[in-house]
Amino acid sequence: MSYCHDLVSVEALRARIAALEGIWQHASDIDRRQNALPTAPFGLPPVDRALPWGGLPTACLHELAAAAPADGSAAGFAATLLVRLGKAEGARPRSVLWCAAGNGLYGPGLAGYGLDTRRLVLVRGRSQADLLWAMEEGLRSGAVAAVVGEVPDADLTATRRLQLAAEAGRSTALLLRTPQQKPGESKPAPSAAVTAWRIGAAPSAPAPYGIGVGAERWRVELVRCRGGVQHQWLLEWSDETHRLVMASELRDRPAQAPAGVPGAKTVPFPLRHAERLAV
Amino acid sequence: MRGRLIIVAADRAAQSAGIFPGQPLADARALEPALRALDADLGADRQALEHLAEWCTRYTPWTAPEELEPGGAGGVFLDVSGCAHLFGGEAALLADIATRLERNGVSARAAIADTAGAAWAVARFASSNLIGDLVVPPGGQCGALAALPVAALRLSPETTAGLERLGLRRIDALYPLPRAPLARRFGMHLCRRLDQALGRLDEPISPHLPHEPWRLQLAFAEPIGRREDVAAGLERLLAALCHRLAEEMQGARRLAFTLYRTDGTTQRAEIGTSLPMREGRHLSRLFAEKLDRLDYDFSFGLGVDLMVLTAPVVEPLEAAQASLVAVANDDAPEALGALVDRLANRLGPPAICRLIPVESHLPERAQRAAPPLDSAREALAAWRQTRPRPVRLFAQPQPVDAIAPVPDDPPLLFRWRAKLHRVRLSDGPERIAGEWWRAGAPAGAEIRDYYRVEDEDGRRFWLYREGLYHPAKTPRWFLHGLFG
């Protein structure tokens, strides 16, 4: 990979790629020329730098897959994203929608990530069709900042529709996927999402004085990203500052890193704290 | 009755053949061998009468079905005070009812009088079928009832038989009689019925439907049947209703749309909104889903000839508002309200909720689902939780097999869903007692010791042991939640 120093041409190229790849298919030409993809930065320079837009583009569909079944990490990570998406800079806080078949969500836990549950509207749908419909309605209405959907297997058509709805209403769509039961099937389902992430729990750093469970840590993988490459980070939820931080080097690193996606490339990236993706 | 089949009701043709209610079926068959007998179904009769009463709301909102008599006969009371002129007078109203019912295959007789009792008597016992005789002029009950039999006073069969035994066959025979002996002999019921029929005593009619002041209707000269036409009619009604709501600074919380079909049935669609609403476009979008589910399968000639839009629940809505359905850039509560309404109308209102705190230490009771736009004080309270709580909580704590040192150490390993988890780190115990002071609390509400544990993969769980340590008892462990 060669680094291009001419920023203007990089921007122009990015805009062309975005147009070719169909992000913002319905945006006007002016939008495209200005490359005016509104983004919500993570506030973590390594993560923001890995995303071609300098942050998570809003008004797009993003997929969050849990690395293991029955794990709260993906929901927790989604909650931290919702906090960022609901509070755009300078604007009034906006509501978010969470569509799921069963509602195992627990308010006190979500509030622990700084999510204002007064602005969290839960939608329970019996069928997958109902859930996708509710997500689309929420996205198109523009009345909410973001819509989370726990849809087990949304196909390519469904994700395309969600992407278009997100563009139309300028809301962010987060599709929460549960992993396949068979571990052999690690190939991700075809999807029109702009980015796809995989979130798994990671052993926490020892708590102060060595007693008890430490701060929550997540292994966050950027599995797929339009115009970007794969990355993996170890993020930590800091209860003191109420934000995500890069976890410092593991003192007790596991014997081996979890197996990456087959065919994944090793990405050299000059990040001091980021853990390299081992294949 | 006593093993015999009895005729309950007979139509006009059968009656002209000499068949009457109360006759044994065998006798009736002897009279008319071609008789078609059907089993009586009083439940269905009552339902049909209620449908008829509902249909009659096209004339007046005050309609009430009568209690079915043992013979299966029944009627509908209509309070047409102030309504008759809309149909061209009382005689024209009666003629309209008679023709429409006749066309629908209902043989009926209707009468108009000052009192419900007099109208009842005339409709059933008047000898002529002329419209003029069925409309009792104001104050003319005395004369109209004079020649009718005493059965026309809505009396029990025993009272009627007793009166007839005394030779009191006509109602005018009762007029000059002293009241006290009559009441002693036959009970106050007779006097009350007489007074009600003559207008000396009030008889309230409890209406079939509550009176709805927010009511608009649209009638058609020719029946319509296409969905587009129904939708267009609804648009007009909504526009008129919203205009009226705006004038009176009100907003509708619930709307009902009723279609009256020429075959005498009705169809109804209802919507509800989470905020008072008078935005026609939004309301018609809410109705669009419901209109799809109505039945438009009309055979030729049939269709909808009247549509009525009512707003049973209306609340004050102060400020004039701009268009609600426009894409809002900030969090306008109206835009969110419009979204919540659309979701609730398809998925049902309980499916859309918000989590609000409840003052309870029990984890499963610490939150409650509330309507998403409820702005009550308790709904806006913040969570009072200082200890870490899981992001997902199981409604039913899941039993797990755990190995833990006694008396109250955290588990070393546990098995959940056939997978073994080795505990690497743990926090706890956090002791939470059952709410014994609460009425209806489960009897076995025991103390729970909660532990937050992390397994070797880094997954974090919320486990608890039920009850205090007891050497003779194997402790039961449950998984209650998943941390992020």
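This is a predicted model: local features need pLDDT of at least 70, side-chain atom pairs count only at pLDDT 80 or more; totals for chains, interfaces and linings use all residues.
Two strands are said to pair if DSSP finds at least two bridges between them.

An open sheet of mixed pairing is built from 11 strands, in the order β11(A)-β10(A)-β9(A)-β8(A)-β3(A)-β7(A)-β6(A)-β4(A)-β5(A)-β7(B)-β8(B). Because β11 (243-246) of chain A and β8 (367-370) of chain B each have a single partner strand, they stand at the edges, and one side of each is left without a neighbour in the sheet. On average, neighbouring strands of this sheet are turned by 30° against each other, direction ignored.

Two of the pairings involve β7 of chain B, as the table sets out.

| Strand | Partner strand | Bridges | Direction | Facing residues |
|---|---|---|---|---|
| β7(B), residues 352-357 | β8(B) | 4 | antiparallel | B:R354 and B:A370 |
| β5(A), residues 120-124 | β7(B) | 2 | antiparallel | A:V123 and B:I352 |

**The contact between the chains**

Contact between the chains involves 50 residues of chain B and 55 residues of chain A. The area buried between them is about 4,500 Å², with carbon and sulfur atoms giving 55% of it.

There are 4 salt bridges between chain B and chain A; the side chains of B:R342 and A:E137 meet in a salt bridge at 2.6 Å, N to O. Polar contacts between the two chains amount to 19 residue pairs, both residues at pLDDT 80 or more. On the side of chain B that touches chain A, at least two residues each come from elements including α12 (280-293), β9 (392-403) and β12 (448-455). The largest share, 7 residues, is supplied by α13(B). By class, this side of chain B has 26 nonpolar, 6 polar and 18 charged residues.

Definitions and conventions. Residues are numbered from 1 along each chain as its sequence is written. Chains are lettered from A and ligands numbered from 1 in the order in which they are written. Side-chain values use heavy atoms; hydrogens and water are left out. Axes are lines fitted to C-alpha atoms, for helices over the stretch in contact, and angles run from 0 to 180 degrees between N-to-C directions. Contact means heavy atoms within 4.5 Å. Buried area is the accessible area (1.4 Å probe) that two parts lose on being put together, summed over both. A polar contact is a pair of N or O atoms within 3.5 Å; within protein, one must be able to donate a hydrogen and the other to accept it, and residues adjacent in sequence count only if both atoms are side-chain atoms. Ala, Val, Leu, Ile, Met, Phe, Trp, Tyr, Cys and Pro count as nonpolar, Asp, Glu, Lys and Arg as charged, and the others, Gly among them, as polar.
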